[in-house]
Amino acid sequence: MASIGFNELYFLLQGLKWTLALTLIGFIGGGVFGLMVALARTAENRVLQRATAGYIAVFQGTPLLMQLFVVYYGVALVGLDVDAWLAVAIAFTLHASAFLGEIWRGGIQAVPKGQTEAAKALGLHYVSRVRDVILPQALKIALPATIGFLVQLIKGTSLAAIVGFVELSRAGQIVSNQTFRPLTVFAIVGLIYFLICWPLSLWGARAERSLQTASR
Amino acid sequence: MPQSVSQHVPLIALEGVGKWYGAYHALRSVNLTVAKGEKIVLCGPSGSGKSTLIRCINHLEEIQEGKITVEGTVLNHSASTVDAVRREVGMVFQSFNLFPHMTILENCILAPMRVKKMAKAEAEATARKYLERVRILDQADKYPAQLSGGQQQRAAIARALCMEPKAMLFDEPTSALDPEMVKEVLDTMIGLARDGMTMICVTHEMGFARQVADRVVFMASGEIIEEGPPEEFFRNPQHQRTRAFLGEILAHH
């Protein structure tokens, strides 16, 4: 049995780098498109409402693993030769957009109707109503759920291993195969995930408490 | 007298306005004209359509029938007429609806900066002027939640005034207030009326109606039942429903 030394740890940290990169891509892409989804869901336009409701239903109702497969092999089938990175970035963005879109829709709808009415009565247009009045309140309401999803997303990136990404979990598997110390290796891998996700969860819980005291 | 017509063009005119919520008939061919500088008090039992009526004037509600004209602009569903009307007409709500994440001053400067493209310094100067007028300038840097209900409502009045509207709509502005705070808001409104603001107030404050209204309009079941100068309206109500309503409301005051 080989021991776990500096090289193995370094390899795991390389994997962690990709885990964080995938999370960031998913969260930023999902943030941008999720915001659009949330706005479309709460728009006065019925067609937009229905289209985004369908999109959310599909991506919330199917496994992320399947979504990764479909996008990864799907784009290849269409004859497009895209980088694995791009395919995975698209898949995570689509996935995160659906979830963040739905979370933020809830936040937007939790802002009292009187806020929109007051903004309208003042003559503010849609963009200003959304940017200055609704979103600052909605995102605050949705912060705990958003952080919760971010934690899920970090762990969800391990599924990218299926299309060849050596992120943290896959790196752990490789090191484990080389050293024959699966328990130690996966304990380390688990600890790394935990050290990243736990503070986020604490932050989420704190955000939720401050919301509750604010509404009292 | 056709030659003097322009002087008598009403600031706000509703002609045959009808509105339904599904099958519910909320407004039935309502006619109402408000001259520049005129103060109207709109009263009636709950569900009589008085709030709906003033919410139609600035297009928070859409009408299905009739015509609303504000300062010569006929309100249709186009964004440009809605914008034009909202620029001229300010509104104060029962529940204040201040923006909770902004200070009082920020609440006041948002619309002048976004809608009128006013520079920040100018918008702040305007805001301070109106906050002074409603006597809460010292609260300018606080958040709405730090103020009492009466102060919040006065801030909401100042916020609407910052757009320098030609008319103000008040939708039960004192109904959500504790009794001891009603007076400070009414005093602010009386001051505004004295300065010549055109006002339509939905309120049950009959003392206020007596003091400032040029006309009291009584609504029931989505219709205007009767209207008249306050003296006449209170002393000699013509309609049975008006008498019943007044009997009830005056018994409680």
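User: Why is Arg55(B) called buried?

Analyst: Arg55(B) has a relative accessible area of 11%, and buried means under 20%, exposed over 50% and partly exposed in between, with a 1.4 Å probe and protein chains only, so Arg55(B) counts as buried. This is a predicted model, in which local features need pLDDT of at least 70 and side-chain atom pairs count only at pLDDT 80 or more, while totals for chains, interfaces and linings use all residues. Residues are numbered from 1 along each chain as its sequence is written, chains are lettered from A and ligands numbered from 1 in the order in which they are written, and side-chain values use heavy atoms, without hydrogens and water.

User: How do you know that Glu117(A) and Arg55(B) form a salt bridge, and what makes the pair join two chains?

Analyst: The closest N and O atoms of Glu117(A) and Arg55(B) are 2.6 Å apart, and a salt bridge asks for a side-chain nitrogen of Lys or Arg within 4 Å of a carboxyl oxygen of Asp or Glu, so the pair qualifies. Glu117(A) belongs to helix α5 of chain A and Arg55(B) to helix α1 (residues 50-57) of chain B, which is why the pair joins two chains; helices here are DSSP runs of H or I with at least four residues, and strands are E runs of at least two, numbered from the N terminus. Glu117(A), with a relative accessible area of 14%, is likewise buried.

User: Which strands of chain B does the salt bridge of Arg215(B) with Glu227(B) involve, and how exposed is Glu227(B)?

Analyst: The closest N and O atoms of this salt bridge are 2.4 Å apart. Arg215(B) is in strand β9 and Glu227(B) in strand β10 (residues 223-228), so the pair ties parts 12 residues apart in sequence. Arg215(B) is buried at 15% relative accessibility, whereas Glu227(B), at 36%, is partly exposed.

User: Why is Phe180(A) called exposed?

Analyst: Its relative accessibility is 57%, so Phe180(A) counts as exposed. Phe180(A) lies in the loop between α7 (168-179) and α8 (182-215) of chain A, and has a positive phi of about 60° although it is not a glycine.
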